[in-house]
Amino acid sequence: MTDRELLDRFDSALAETYRETVRSCGGEIWEANGVVSWASPLPQASPAHANGVMRISRVMSPREALGITARFFGARNHGYTLLARSDDRGLWAEVERNGKAMAAELSAMVTSAPPPRTASPDEVDLRPVENPTGMLDFCGVVASSLGPESETRSLVDRVLRRAQALIGTHRSGMVAYEDGSAAACALATLVDGTALIGWVCTSPENRGRGLATAVVAATVRWGFEKGAELAAVLSPPALVPVLDSLGFEEIGRYREYVFP
């Protein structure tokens with residue numbers, strides 16, 4: 001496949017993962033002419049898991065897409081995050097023409113083969129999420145890694161703290177424990193032959209110790225064992241070296257624009 005075809009597949013898997021997240025927490029989804037918007041019960045603008053929009057086909061013009069998205073979230077008094085592919089110049093150029101600066105640029109990373117099995121960092125215990133204790137541990141790592149727990153706990157509890165978000169035939173959460181404490185996590189979701197890896201988090205006191213590499217490798221292997229043809233990650237810059245070491249390659253980028 002060409003990079004454009006891979007990005008289209010990436011788009012499809014990413015949008016479906018956001019749909020599933022919002023469905024599971026009682027949110028709303030609106031779609032028309034290739035524009036997909038999702039709104040959780042929470043009003044916050046970021047991260048995109050809470051409230052977001054993507055243009056996965058270019059039938060609707062950028063101006064129309066932005067206008068109808070603003071009305072959708074405005075009617076709910078919600079902020080939102082727009083994800084624009086870097087090759088969708090018309091969309092992000094229209095956003096920036098209206099005075100909105102890019103908040104972040106993320107790399108679309110893919111691999112068509114599982115990473116080799118190597119030794120985990122010393123004393124690290126990798127466990128799939130299989131019960132309420134594992135769910136709490138996963139959510140605790142995410143909450144601590146995103147910022148002050150008082151600000152992130154409501155999001156984590158709403159979108160992740162339920163069995164269908166972390167456990168199932170098409171998804172698997174993985175937690176790395178060090179000295180008996182949850183230290184890092186990642187989640188794999190299977191979507192039409194693609195294992196999309198997300199929620200890659202390491203608690204602040206455990207960073208720089210190879211834990212993210214261990215949990216990402218474990219979730220990627222799980223995806224291929226379940227029949228995935230491709231593993232994909234929407235990666236912030238800090239995670240790119242980890243993914244490079246596991247055989248991932250960048251096929252494009254996404255720009256994030258936050259609308260409070």
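The side chain of S40 reaches the backbone nitrogen of L42 at 3.1 Å, a polar contact (a pair of N or O atoms within 3.5 Å, where within protein one must be able to donate a hydrogen and the other to accept it, and residues adjacent in sequence count only if both atoms are side-chain atoms). This is a predicted model, in which local features need pLDDT of at least 70, side-chain atom pairs count only at pLDDT 80 or more, and totals for chains, interfaces and linings use all residues. Residues are numbered from 1 along each chain as its sequence is written, and side-chain values use heavy atoms, with hydrogens and water left out.

S40 sits in the loop between β2 (35–39) and β3 (51–55). Helices (H or I, at least four residues) and strands (E, at least two) are DSSP runs, numbered from the N terminus. S40 is buried, at a relative accessible area of 2%. Buried means under 20% relative accessible area, exposed over 50%, and partly exposed in between (1.4 Å probe, protein chains only). Neighbours within four places in sequence aside, S40 is in contact with V22, C25, G27, A50, N51 and H78. Contact means heavy atoms within 4.5 Å.

P47 lies in the loop between β2 and β3. The peptide bond from S46 to P47 is cis, with omega near 0 degrees.

Most residues other than glycine have a negative phi, and most peptide bonds are trans. Two residues have positive phi here. N77 is not a glycine, yet its phi is about 60 degrees. N77 is in the loop between α2 (62–74) and β4 (80–85). N77 is exposed, with a relative accessible area of 67%. D192 has a positive phi near 50 degrees. Its loop runs between β9 (181–191) and β10 (194–202). D192 is exposed too, at 70% relative accessibility.

Now the whole chain. The protein chain has 8 helices and 12 strands. Its C-alpha trace spans about 55 × 40 × 30 Å along the principal axes. The radius of gyration is 18 Å, which agrees with the value near 18 Å for a compact globule of 260 residues. That radius is taken over C-alpha atoms, and the globule rule is 2.2 Å times the number of residues to the power 0.38. Of the 260 residues, 52% count as buried. Among contacts between residues at least 6 apart in sequence, 70% join residues at least 24 apart.
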